[in-house]
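Colleague: I would like to learn how to read a few features in a model of this kind. Could we take them one at a time?

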Amino acid sequence: MYSQTTRSIRVSVKPTFLEEQSSPAEHHFVWAYHVRIENTGGETVQLRNRHWRITDRFGRVQEVQGAGVVGEQPVLEPGESFEYTSGTPLTAPSGIMSGSYQMETARGEKFDVTIPAFSLDSPHETVQLN
(Lines give C-alpha, C1' and ligand atoms only; values in the text may rest on other atoms or scores of the structure.)
Protein backbone atom coordinates (compact mmCIF):
# COMPACT_ATOMS: atom_id res chain seq x y z
CA MET A 1 0.00 0.00 0.00
CA TYR A 2 1.26 3.45 -0.93
CA SER A 3 -0.05 6.48 0.99
CA GLN A 4 0.48 10.24 1.05
CA THR A 5 -1.30 13.16 2.71
CA THR A 6 -1.64 16.64 1.23
CA ARG A 7 -3.53 19.32 3.13
CA SER A 8 -5.43 16.77 5.25
CA ILE A 9 -6.44 14.64 2.27
CA ARG A 10 -4.89 11.16 2.49
CA VAL A 11 -4.62 9.16 -0.73
CA SER A 12 -3.79 5.45 -0.43
CA VAL A 13 -3.25 3.17 -3.43
CA LYS A 14 -2.90 -0.60 -3.71
CA PRO A 15 -1.93 -1.91 -7.18
CA THR A 16 -2.56 -5.53 -8.26
CA PHE A 17 -1.25 -7.28 -11.36
CA LEU A 18 -4.09 -8.99 -13.30
CA GLU A 19 -2.57 -12.15 -14.73
CA GLU A 20 -5.89 -13.36 -16.16
CA GLN A 21 -6.33 -10.18 -18.26
CA SER A 22 -2.69 -10.04 -19.39
CA SER A 23 -1.05 -11.68 -22.41
CA PRO A 24 2.73 -11.48 -21.88
CA ALA A 25 3.47 -13.16 -25.25
CA GLU A 26 1.57 -10.29 -26.90
CA HIS A 27 3.19 -7.61 -24.70
CA HIS A 28 -0.11 -6.85 -22.95
CA PHE A 29 0.08 -6.39 -19.16
CA VAL A 30 -2.85 -5.17 -17.03
CA TRP A 31 -3.04 -3.83 -13.48
CA ALA A 32 -5.90 -2.80 -11.24
CA TYR A 33 -5.36 -0.18 -8.57
CA HIS A 34 -7.60 0.43 -5.59
CA VAL A 35 -7.68 4.02 -4.30
CA ARG A 36 -8.94 5.33 -0.98
CA ILE A 37 -9.27 9.10 -0.54
CA GLU A 38 -9.81 10.23 3.06
CA ASN A 39 -10.66 13.71 4.30
CA THR A 40 -8.87 13.95 7.64
CA GLY A 41 -9.29 17.73 7.80
CA GLY A 42 -12.00 20.07 8.99
CA GLU A 43 -13.47 21.33 5.71
CA THR A 44 -15.63 19.77 3.01
CA VAL A 45 -13.91 19.18 -0.34
CA GLN A 46 -14.97 17.91 -3.75
CA LEU A 47 -12.73 16.00 -6.14
CA ARG A 48 -12.97 17.88 -9.44
CA ASN A 49 -10.23 16.52 -11.74
CA ARG A 50 -7.55 13.85 -12.00
CA HIS A 51 -4.13 13.82 -13.64
CA TRP A 52 -2.14 10.59 -14.01
CA ARG A 53 1.38 10.08 -15.32
CA ILE A 54 2.07 6.46 -16.30
CA THR A 55 5.65 5.53 -17.20
CA ASP A 56 6.56 2.04 -18.41
CA ARG A 57 9.91 0.35 -17.82
CA PHE A 58 11.19 1.66 -21.17
CA GLY A 59 10.50 5.28 -20.23
CA ARG A 60 7.40 5.70 -22.40
CA VAL A 61 4.98 8.12 -20.74
CA GLN A 62 1.19 8.35 -20.97
CA GLU A 63 -0.71 11.23 -19.37
CA VAL A 64 -4.37 10.90 -18.46
CA GLN A 65 -6.45 13.91 -17.42
CA GLY A 66 -10.13 14.41 -16.92
CA ALA A 67 -13.05 15.26 -14.70
CA GLY A 68 -13.54 13.22 -11.55
CA VAL A 69 -12.77 9.54 -11.09
CA VAL A 70 -14.76 6.58 -12.42
CA GLY A 71 -17.44 8.99 -13.62
CA GLU A 72 -17.87 10.67 -10.23
CA GLN A 73 -16.82 13.91 -8.54
CA PRO A 74 -17.25 12.84 -4.91
CA VAL A 75 -17.85 15.30 -2.08
CA LEU A 76 -15.98 14.43 1.11
CA GLU A 77 -17.19 15.89 4.38
CA PRO A 78 -14.67 15.94 7.26
CA GLY A 79 -13.98 12.35 8.30
CA GLU A 80 -15.46 10.81 5.13
CA SER A 81 -13.69 8.71 2.53
CA PHE A 82 -14.27 7.56 -1.04
CA GLU A 83 -12.92 4.37 -2.60
CA TYR A 84 -12.76 3.16 -6.17
CA THR A 85 -10.92 0.66 -8.34
CA SER A 86 -9.63 1.35 -11.83
CA GLY A 87 -6.98 -0.13 -14.07
CA THR A 88 -4.32 0.44 -16.66
CA PRO A 89 -2.72 -1.64 -19.42
CA LEU A 90 0.91 -1.40 -20.46
CA THR A 91 2.92 -2.95 -23.28
CA ALA A 92 5.79 -3.52 -20.82
CA PRO A 93 5.96 -5.88 -17.82
CA SER A 94 6.43 -3.07 -15.30
CA GLY A 95 6.03 0.64 -14.77
CA ILE A 96 5.20 3.37 -12.32
CA MET A 97 2.19 5.64 -11.85
CA SER A 98 1.85 8.96 -10.05
CA GLY A 99 -0.42 11.93 -10.29
CA SER A 100 -2.71 14.38 -8.55
CA TYR A 101 -6.34 15.16 -7.83
CA GLN A 102 -7.66 18.69 -8.03
CA MET A 103 -9.89 19.34 -5.04
CA GLU A 104 -12.23 22.27 -4.39
CA THR A 105 -13.39 23.56 -1.02
CA ALA A 106 -16.95 24.71 -0.34
CA ARG A 107 -15.59 28.29 -0.63
CA GLY A 108 -14.43 27.60 -4.19
CA GLU A 109 -10.69 27.35 -3.43
CA LYS A 110 -8.95 24.79 -5.65
CA PHE A 111 -5.83 22.87 -4.63
CA ASP A 112 -3.91 19.80 -5.81
CA VAL A 113 -3.53 16.62 -3.77
CA THR A 114 -0.59 14.35 -4.59
CA ILE A 115 -1.26 10.74 -5.52
CA PRO A 116 1.79 8.81 -4.28
CA ALA A 117 3.99 7.21 -6.93
CA PHE A 118 3.38 3.48 -7.00
CA SER A 119 5.02 0.60 -8.76
CA LEU A 120 3.35 -1.60 -11.37
CA ASP A 121 5.17 -4.92 -11.03
CA SER A 122 4.47 -8.21 -12.76
CA PRO A 123 6.08 -11.65 -12.44
CA HIS A 124 7.08 -11.30 -16.10
CA GLU A 125 9.73 -8.65 -15.46
CA THR A 126 13.24 -9.94 -16.03
CA VAL A 127 15.61 -8.89 -13.29
CA GLN A 128 19.21 -8.10 -14.15
CA LEU A 129 21.81 -7.98 -11.42
CA ASN A 130 24.67 -5.53 -11.89
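Modeller: This is a predicted model.

Colleague: Which residue is the bridge partner of Arg-36 in β7?

Modeller: The partner is Glu-83. Strand β3, residues 29–39, is joined to β7 by 10 bridges, and the two strands run antiparallel.

Colleague: What order do the strands take in the open sheet?

Modeller: The order is β1-β2-β3-β7, four strands with antiparallel pairing. At the edges are β1 (2–6) and β7 (81–90), each of which pairs on one side only. From one strand to the next the twist averages 20°.

Colleague: How should I read a salt bridge?

Modeller: As a general idea, oppositely charged side chains can pair when their charged atoms come close. Here, Glu-83 and Arg-36 form a salt bridge, with 2.5 Å between the closest N and O atoms. That pair links distant parts of the chain, since Glu-83 is in strand β7 and Arg-36 in strand β3, 47 residues apart. Glu-83, with a relative accessible area of 40%, is partly exposed.

Colleague: How many salt bridges does a search of the whole structure find?

Modeller: The search finds 10. One of them joins the side chains of Glu-109 and Arg-7, at 2.8 Å from N to O. Glu-109 sits in the loop between β8 (94–105) and β9 (110–121), and Arg-7 in the loop between β1 and β2 (9–17), so this pair ties together parts 102 residues apart in sequence.

Colleague: Which residues are linked with Arg-7 in a network of salt bridges?

Modeller: The network links Arg-7 with Glu-43, Arg-107 and Glu-109.

Colleague: What is the accessibility of each residue in the salt bridge between Arg-60 and Asp-56?

Modeller: The closest N and O atoms of that pair are 2.6 Å apart. Arg-60 is partly exposed, at a relative accessible area of 44%. Asp-56 has 6% relative accessibility; the cut-off for buried is under 20%, so Asp-56 counts as buried.

Colleague: Now the interior. What is the idea behind a nonpolar core?

Modeller: In soluble globular proteins, nonpolar side chains tend to be buried together. In this model the largest nonpolar core has 26 residues, and those with the most contacts inside it are Tyr-84, Tyr-101 and Met-103. The elements giving two or more residues to this core are β2, β3, β4 (45–56), β7, β8 and β9.

Colleague: Which residues is Tyr-84 in contact with, leaving aside its neighbours within four places in sequence?

Modeller: The list is Tyr-33, His-34, Val-35, Ile-37, Trp-52, Val-69, Val-70 and Tyr-101. Tyr-101 is also named among the residues with the most contacts inside the core.

Colleague: What about Thr-88: buried or exposed?

Modeller: Thr-88 lies in strand β7 and counts as buried, at 6% relative accessibility. Leaving aside neighbours within four places in sequence, Thr-88 is in contact with Phe-29, Val-30, Trp-31, Tyr-33, Ile-54, Met-97 and Leu-120.

Key: Residues are numbered from 1 along each chain as its sequence is written. This is a predicted model: local features need pLDDT of at least 70, side-chain atom pairs count only at pLDDT 80 or more; totals for chains, interfaces and linings use all residues. Side-chain values use heavy atoms; hydrogens and water are left out. Two strands pair if DSSP finds at least two bridges between them. Axes are lines fitted to C-alpha atoms, for helices over the stretch in contact, and angles run from 0 to 180 degrees between N-to-C directions. A salt bridge is a side-chain nitrogen of Lys or Arg within 4 Å of a carboxyl oxygen of Asp or Glu. Buried means under 20% relative accessible area, exposed over 50%, partly exposed in between (1.4 Å probe, protein chains only). Contact means heavy atoms within 4.5 Å. A nonpolar core is a set of buried Ala, Val, Leu, Ile, Met, Phe, Trp, Tyr and Cys residues joined through side-chain atoms within 4.5 Å.
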